[in-house]
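Subject: Structure for you to look at

Hello,

Here is the structure I said I would pass on. My notes on what was found in it come after it.

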Amino acid sequence: MRVAVIGTGYVGLPTGAGLAKLGHDVTCIDCDRAKVEKLRAGEVTLFEEGLEELLKSGLESGRLSFTDDMAEGVRGVQLVLLAVGTPPNLRTGQADLRYLFGAVREVAPFLPSNVVVAVKSTVPVSTGDEVEALLRRLNPGARAEVISLPEFLREGYAVHDFFHPVRIVVGTESLRARELIRELYAHLPNVPRFLFVARRSSEAIKYASNAFLAVKIHYINEMADFCEAAGANIHEVAQGMGLDSRIGPAFLRPGPGYGGSCFPKDTKAIEHMARKLGVELSLIRAAIKGNKKRRENMAQRILREVEDIPSPKIAVWGLAFKEGTDDCRESPAVEIVQRLTSHYVDVCVYDPQAMTTARRILGDTVRYAPDMYSAAQGADVLVILTEWPQFDAADWKRVASGLHSHHILDFRFFKKR
């Protein structure tokens, strides 16, 4: 099958490379010419375990290509995947669809006849209706079918999740589109579970799923505070909860709050949609408020550790919003560091993958260490904010020998060091 993927970010790039591995001829389209040139040369533009190898495999096979020319990218394709970003409006929290509709307007004149256009971007309910109406107005001859095909790729595990999906949700009532999507994923290692639903239901499933997981994270963080005050062990409590099949163990690990490109924006977006519809989403609203408060509380706890130290130095391990990725969007770690530097504290940071992306946000407000041990050298307190396995496996004698004190605030693994 000939497929075009519009967007080469954390969704589009793993998806395009993965589809090429499944045997499809895939063209990934991006308006950033410099980015396209890097990808053509086999240089990954984001970190995902296994992505570089997948990219090079696709290029070598000839089944994966990149272009900034929309007409060239969609020529002769049967399926177009829209995988552009839908960032939050900073004032209202609603999803900003400018990039999505911009891509639709740009691609519309070049669409082949009877093409299926699948919206993989996370979009408000009824967006598919708007995309369909826009395409019919701009290019009625194409007779494009618009479907919803939400992505469920976890950052840090995107390559694995592409080849081992828990489910594939498809929003369409078209039998032809259903069969096309079945064919798209026919060569996965295991036959996935397909769920065919109405287009609006598919759009809602993505938001409902992410919002539920965000609420679950907020809940276990509140339980962590409760257990600390009550003298209980949150890890033992979470283990006991997770053994209940109705609850399950996933997302029951306490930390500095949820972040990344999905949970923060999706909780705000669905809460915004609900307010417009006159519906109360009290749990989601509480999670949004509590997640923000969590970061504030973590920063205050760190500052209390050094309040009596003249010119304190703080070492921070972890900047990405989670392990396995270089993504610092809405990262709790980065926001906590920003709160620390606002108090004119000397902060030295290290992350195995996210130093470059974090530098774009933090600039010269912090010092950047070449490794985790250098970051801790001479610090009055060490703070762990991202759950990288190498932090848990650190040589703690070496760490202790470099610290001014043995003050370690572990906000990810919650272990005594």
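**Around F66**

Leaving aside the neighbours within four places in sequence, F66 is in contact with T8, L13, C28, V36, L39, R40, L55 and L59. Please keep in mind that this is a predicted model. F66 belongs to strand β3, which covers residues 64-67. Its relative accessible area is 4%, so F66 counts as buried.

**Strands β7 and β8**

In strand β7 (residues 168-171), I168 and V170 point one way while V169 and G171 point the other way, and all are buried. Strand β8 (residues 194-197) runs parallel to β7, and four bridges join the two. One of the residues involved is G171, whose bridge partner in β8 is V197. Together with helix α8 (residues 175-184), β7 and β8 make a right-handed β-α-β unit.

**Salt bridges**

How many salt bridges does a search of the whole structure find? The search finds 30. One of them joins E330 to K268, with the closest N and O atoms 3.9 Å apart. E330 lies in the loop between β9 (313-317) and α13 (332-341), and K268 lies in helix α11 (residues 263-277), so the pair ties together parts that are 62 residues apart in sequence. Both ends are partly exposed, E330 with a relative accessible area of 34% and K268 with 30%. These two residues also belong to a network of salt bridges that links K268, K293, R295, E296, E330, E335 and R339.

Within helix α11, E271 and R275 are four residues apart, about one turn of the helix. They form a salt bridge, with the closest N and O atoms 2.9 Å apart. E271 is buried at 9% relative accessibility, whereas R275 is partly exposed at 44%.

D346 and R367 meet through their side chains in another salt bridge, at 3.0 Å from N to O. D346 is in strand β10 (residues 346-350) and R367 in strand β11 (residues 367-368), so this pair ties together parts that are 21 residues apart in sequence. D346 is partly exposed at 26% relative accessibility, and R367 is partly exposed at 39%.

**Aromatic rings**

Eight aromatic pairs turn up in a search of the whole structure. Ring pairs link W317, Y350, F391 and W396 into a cluster. The charged end of R98 sits over the ring of Y99, 5.7 Å from the ring centre. R154 lies over the face of Y157, at 4.5 Å from the ring centre.

Regards

Key. Residues numbered from 1 in each chain as written. Predicted model: local features only at pLDDT ≥ 70, side-chain atom pairs only at ≥ 80, totals over all residues. Heavy atoms only, no water. Phe/Tyr/Trp six-rings, centres within 6.5 Å; stacked < 30°, edge-to-face > 60°. Lys NZ or Arg CZ within 6 Å of the ring centre and 35° of its normal. Buried < 20%, exposed > 50% of the residue type's maximum accessible area, 1.4 Å probe, protein only. Contact = heavy atoms within 4.5 Å. Pairing = 2+ DSSP bridges. Right-handed = clockwise from strand over helix to strand, strands pointing away. Salt bridge = Lys/Arg side-chain N within 4 Å of Asp/Glu carboxyl O.
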